[in-house]
Amino acid sequence: MTSLWAKKRSRDGVHYWLPLITHLIDAQNTINWLFNHWLSPGQRRLLTQRFSEDKVEKLVKFIGFTHDIGKATPAFQIKRSFDEDFGLDVELLEMLIRQGFTGLDDVNLSDSRKSQHARAGEALLDTKGVPESVTAIIGGHHGRPEDSPQTQQIDIYTANYLQLDVAKSETDKMIQKNWQNVQEQLFKYGLSSSGYDSVGEIPDINQPEAVLLEGLLIMADWLASSESLDNPENTPLFPLIELNQTWSDIDMSSRFRNAISAWYQSGEWIPAQVGIEEDPYQKRWGFDARPVQKAMTEAIEKTTDPGMVIIEAPMGLGKTEIALVAAEQLAYKSGCDGIFMGLPTQATSNAMFERVKQWLNKLAKTQNDNFDIKLMHGKAAFNEDYQAIPNASNVDDLGSVVVNSWLAGKKSILSKFTVGTIDNFLLLGLKQKHLFLKHLGFSDKVVILDEVHAYDAYMSQYLYKAVEWLGAYHVPIVILSATLPKNRRNVLLKKYYKGKYGKYFKKNVVAPAHWQDNQAYPLLSVFDGKEIKQITDFPGQSDQKALSLQVTRVKADDKEVIHSVLENLQGGGVAGIIVNTVKRAQTLAQLVPQDVSLMVLHSAFLVPDRVTGERELEDAIGKHAKRPDKMIVIGTQVLEQSLDIDFDVMYTDIAPMDLILQRAGRLHRHHIERPRKLKNPQLYVMGINGYGDYDEANESIYEKYLLMKTDHYLAKTIQLPSDISRLVQAVYDSATDKLIDGLDSAKEKFETDLEKEENKAKVFQIAAPNLTVSAFDDDTTIHGWLSHSQRRIDVDEQKANAAVRDIQETLEVILIKHTNDGDFLLTGQNINDVSPIKIAQQVVRLPPAVTPSYRIDKIISELETQTSNYYPNWQESRWLRGTLALSMNKDNTAQLDNWQLHYSAKMGLSYEKETENE
């Protein structure tokens, strides 16, 4: 048993290996430690709700030890080493032969790949009578479970397990018996070392329990397979040993203790009860709680089994602070020990990251411990504030916010405190390899989702599926929105209930009369156990200044729009123009006179330029900013989400009512002195040519049905915040359709498109959680849980994110100025004088019009050729490997597949068709 190998490699001419028994014990020790010391109290509570903690710990140890029992087979033991060191392979085979595995050096298994070791492990445990709900975990520990039990595997591929298909002689029987004996020895050792006397003591588990245990096993296996930390010192964790050493040379206890003490570098958040007798807002942020904040925090504190919390309140009221206090309250009540804050975009994630980091820093100092944080989006590596946070291994003092370098890539969500784009949350519902890790990572956190109104019908299907699964894990969710349609509120509550309790929502839920139609504003809806509580009384809420918004429809061409803006700014002030497309933003910006200060913000900027633009914008017109005398800001939807900016007057393209109100939330947001002409807030709505005519571009982005209803209910005066809920509900409630003429055709298209989006979203979604336990029903196990996933979704992050947003897959390119004098960044620096990460930051996404799906392969090929010819050394850099360069001339212009592209730091990336011939 001790001569079987689990890992092997060569380095600098030295042969290394790891006995299988060593790795199995490493994994068993690691998963047991993670269960007792890393899982949150809430996760352990979930896993022990049907069993005692002792029984669950036995199961945890058993799957940890047996996860690689499938390596105790000839199919695995004859595998070549990855570095193809034939000498190492021969030495290990000879060691096995000396231990009685005769003939192993002459084995030729034609179907060895049919029994890869995870599948083989499941098959071996199936023959021992281990419940299928448990053996499925063993078969799936490399990230994707089998479609069905492996009960026939050994009968079909006998030689993969016993070296010979048929024993024709006594020698043959002895060969097979040797393999059977070693497999039996390992199995019995796994039972006894886990605390079992017999296999009959191993329990059947339900699907959510299996998903979490699978995630924990994958984490433990990856950790127990890590030879060292990825730090300058290469601190050892679970190293291989030299070939002249054996299992008996290893002190397994000290090996494990040293590894865990080196790996576990940040502390565990122990949430404290939030006392409401002392203002928690004053304690955390230095200001007195506003009436709505105070009332909501007090209501949440009174709950006993909080699940979902939905906060509907006006823009600028301080919902983020309510949510962070709620996170502390809910963590204390539910046993969570981390948070995830999800936002619509990278820009809003970056802005929120700073706020969460400051909050977390106070928690770290209060508890006198170090807490790890993670910024989770595709450009996090380019965020200077995030990159400045020290690595946990380099911090000796306590009371700090740190990063843990081991928790990277697919392990990122295992960080206890995370801020990122909503994609990370929506991906909980997408069939994808190693999805178990995401479920493990989210199930220990209070989840806060901001701007939930911003998700379309397709994204909402993934939102609901993720909510349902977090309900199954009893994870508290905080939903934030200023403009939430009541139908979405109701679906969110029902999905959470279904995940947590299963069926019979109407029969079991206690709720106020007419809760589903509640249009109170602000509104707090809380799931407390099986009771829905709604808070509508907020004494003193009038501390937020009411706005009487004057709404004017503008039917004008682009020049007339800019002329109108300049007329309004004659006495000074800041005008915001929010449009629905990048191209329109650039067109309007070109018409602004040179002597007028202008800022443009949209998604088609290089990463450094966009970050700079966001900061300059908040510095110019954010809270407490020294405002310019006169300025025009033109941007797309990025201006409507989470940026704390303030306009004196606003122009907006027509959009659904909730988005118009979100945009209006940036109008007269702060209590400051205004120019005389702009003392009253004015909102100009563009793109309404007549009822039912909203320009092709607007109707291609937003459903005409919603635009028509918005147009109908958009009065000349809007009272903020009192009109917000009334207007949003009027537009999104189908009961109001009968009050509006001419909707039939647009409504039919809307309903058809909605059904199409909902059905499309379900194709690659995981099934809803199954809470039942059955020894005879595969639907209660994780078998087939990730079957029929989308192609390449496992290895392409952009493709995965596009899959949950239903957006066209596009290309990102690095813009480089390629001249006779050399290659330069667009800022003028020679690329030979800057770091690879600086080059990698010069990235922008090409417009979908330039990269249609039917031409994207040709464009990729063209860019790959150009990149490899001009910049072959990029493949040697971890920052630049696999990236695509778009070479621009001295005027920052490039030609690509019949398109001319131009970049400027002021306007971003623009494009024009060179010819009509495609």
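Mentor: Let's start in helix α21 (residues 486-501), where Tyr 497 and Tyr 501 are four residues apart, so about one helical turn separates them. Keep in mind that this is a predicted model.

Trainee: How do I read a tilted aromatic pair, and what are the numbers for Tyr 497 and Tyr 501?

Mentor: In general, you describe two aromatic rings by the distance of their centres and the angle of their planes. Here the centres of Tyr 497 and Tyr 501 are 5.2 Å apart with 45° between the planes, which makes a tilted pair.

Trainee: Is Tyr 497 buried or exposed? And what about Tyr 501?

Mentor: Tyr 497 has 2% relative accessibility, so it's buried. Tyr 501, at 28% relative accessible area, is partly exposed.

Trainee: What kind of pair do Tyr 870 and Tyr 871 make?

Mentor: Their planes stand at 80° and the ring centres are 5.9 Å apart, so that pair is edge-to-face. Tyr 870 is partly exposed at 38% relative accessible area, while Tyr 871 is buried at 2%.

Trainee: Which residues join Tyr 497 and Tyr 501 in a cluster?

Mentor: Phe 505, Trp 515 and Phe 527 are linked with them through ring pairs. By the pairing rule, the count for the model is 33 aromatic pairs.

Trainee: Which charged residue sits over the ring of Tyr 501?

Mentor: That's Lys 530, whose charged end is 4.9 Å from the ring centre. Elsewhere, Lys 583 lies over the face of Tyr 911, 4.1 Å from the centre of that ring.

Definitions and conventions
Residues are numbered from 1 along each chain as its sequence is written. This is a predicted model: local features need pLDDT of at least 70, side-chain atom pairs count only at pLDDT 80 or more; totals for chains, interfaces and linings use all residues. Side-chain values use heavy atoms; hydrogens and water are left out. Rings of Phe, Tyr and Trp (its six-membered ring) pair if their centres lie within 6.5 Å; planes under 30 degrees apart count as stacked, over 60 as edge-to-face and the rest as tilted. Helices (H or I, at least four residues) and strands (E, at least two) are DSSP runs, numbered from the N terminus. Buried means under 20% relative accessible area, exposed over 50%, partly exposed in between (1.4 Å probe, protein chains only). A charge sits over a ring if NZ of Lys or CZ of Arg is within 6 Å of the ring centre and within 35 degrees of the ring normal.
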